[in-house]
Amino acid sequence: SAMAGVAGVLLIYFISLTLFNRKGIGLLSALLFTLSPWSIYFSRGAFEVNLATTIFLGGLLTFIKYIYGSEKNVKLLFFSFLLFALTMFTQHNYIVVVPLFVLSIIIILRSKIVWNKGSFAAVGVFCLFIATSYITTAMGGGNKISTLLIFNDKNVLYNRVEKLRGDKAPKNQLFERILHTKYPGAFYQIGQNYINSFSPIFLFNKGGEKLAHNLGDFGNFYLIDAILLFAGFAGLFWHKEKSLLLLLAWLFIAPIPSAVTRDAPTSTRLFTIMPLFILIASYGAYQILSFFKKRTIKNYIVKGALILLFFINVLFFLDIYFVHLNTQRVRFWRYGYREAVKLTDKYPAYNVVMRGPENFRYIYFL
């Protein structure tokens with residue numbers, strides 16, 4: 001995971017350089033990726049999605065190298081699809097994200113792909129990987145995934161369906177059959193979850209609902225990143241960048257795995273969006289610095305203030321992460337289970353009862 005975090009910095013640099021053809025944006029993207037709270041937290045915590053995202057970035061880099069390269073080397077296309085396929089065997093998010101994303105970018109960039117026996121063979125092998133990943137998931141982890149889906153969440157079904165059907169309000173039978181049933185209620189909740197993926201509270205305030213996946217008092221991005229993201233989106237549309245449609249496809253597809261689950265938004269399932277926002281924020285930072293490039297006192301003050309604010313944000317993060325995390329969030333990182341197991345060794349004649357199913361506590365005794 002540590003090596004994946006380092007590799008991610010290099011990959012985001014070359015992806016940015018290939019997409020925007022500006023070394024300054026590439027360097028900024030590497031800097032923002034390196035100092036990103038989301039990236040640091042997940043790479044140091046050894047989350048599977050960190051490794052999967054790095055492999056995904058490798059697949060994306062080789063794909064755009066094929067697309068924008070002067071020589072259409074089909075080996076790059078094969079290697080790109082291989083890396084994309086590996087993500088589906090690394091973390092569950094990408095079982096949904098990768099097929100949709102690859103299909104989207106093939107459609108968007110179809111005119112830049114040389115369609116011959118080699119490219120069709122690469123697509124065929126990739127489809128074989130997709131089928132294999134779905135089969136292995138259904139055989140190995142299908143039950144676990146089904147427990148996470150909104151359609152099987154009793155709380156969602158109660159709030160969206162049963163509570164409304166069971167109250168004493170005057171009802172229209174047709175509306176009740178259309179609106180207050182399992183699937184309309186679940187899809188409405190999915191829509192809410194999808195929108196919440198872009199919530200300022202999730203991005204810049206406290207992160208997602210899983211307590212072990214966030215700092216709690218700090219967002220997945222710095223506050224100043226909101227300014228950079230706004231400038232980045234505005235600049236991408238204003239300049240009609242060649243990569244705009246690719247980035248938009250990434251933006252629309254990435255929240256889907258989180259939206260269909262019951263504990264959305266989650267920082268793990270939305271980690272796919274982190275490098276995308278790094279790319280956009282670095283583009284925005286470059287546009288801001290370019291706007292104030294004239295050597296005047298006013299411009300120096302503005303740039304100095306923005307840089308100072310950024311590093312103040314970084315300082316806050318480092319303080320919360322390295323100083324306060326072990327005290328404030330220790331109970332969400334399974335602290336105490338080792339001590340509990342050791343304590344029970346002193347009473348071998350007693351039965352051990354663990355309260356509640358959270359975190360599968362019995363595993364520590366086994």
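Reader: How many salt bridges does the count come to?

Author: Please keep in mind that this is a predicted model. A salt bridge here requires a side-chain nitrogen of Lys or Arg within 4 Å of a carboxyl oxygen of Asp or Glu. By this rule, the count comes to one salt bridge.

Reader: Which side chains meet in a salt bridge, at 3.4 Å from N to O?

Author: One partner lies in the loop between α1 (2–20) and α2 (23–35), and the other in the loop between α13 (224–239) and α14 (244–253), so the pair ties together parts that are 219 residues apart in sequence. The partners are arginine 22 and glutamate 241.

Reader: Is glutamate 241 buried or exposed?

Author: The relative accessibility of glutamate 241 is 13%, and buried means under 20%. Glutamate 241 therefore counts as buried.

Reader: How are helices α4 and α5 oriented to each other, roughly parallel or roughly antiparallel?

Author: The axes of α4 (residues 48–68) and α5 (residues 74–88) come within 8 Å and cross at roughly 160 degrees. Because angles over 145 degrees count in this way, α4 and α5 are roughly antiparallel.

Reader: Is phenylalanine 360 buried or exposed?

Author: Phenylalanine 360 is found in the loop between α18 (337–344) and α19 (362–365), and together with Tyr362, Ile363, Tyr364 and Leu366 it makes a nonpolar surface patch of about 600 Å². Its relative accessibility is 52%, and the cut-off is over 50%, so phenylalanine 360 counts as exposed.

Conventions:
Residues are numbered from 1 along each chain as its sequence is written. This is a predicted model: local features need pLDDT of at least 70, side-chain atom pairs count only at pLDDT 80 or more; totals for chains, interfaces and linings use all residues. Side-chain values use heavy atoms; hydrogens and water are left out. Patches are made of residues with over 30% relative accessible area and no salt bridge: like charges are joined within 9 Å, nonpolar side chains (Val, Leu, Ile, Met, Phe, Trp, Tyr) within 5 Å. Accessible areas come from the Shrake-Rupley method with a 1.4 Å probe; for residues, only the protein chains shown count as cover. Helices (H or I, at least four residues) and strands (E, at least two) are DSSP runs, numbered from the N terminus. Buried means under 20% relative accessible area, exposed over 50%, partly exposed in between (1.4 Å probe, protein chains only). Axes are lines fitted to C-alpha atoms, for helices over the stretch in contact, and angles run from 0 to 180 degrees between N-to-C directions. Angles under 35 degrees count as roughly parallel, over 145 as roughly antiparallel, 65 to 115 as roughly perpendicular and the rest as oblique.
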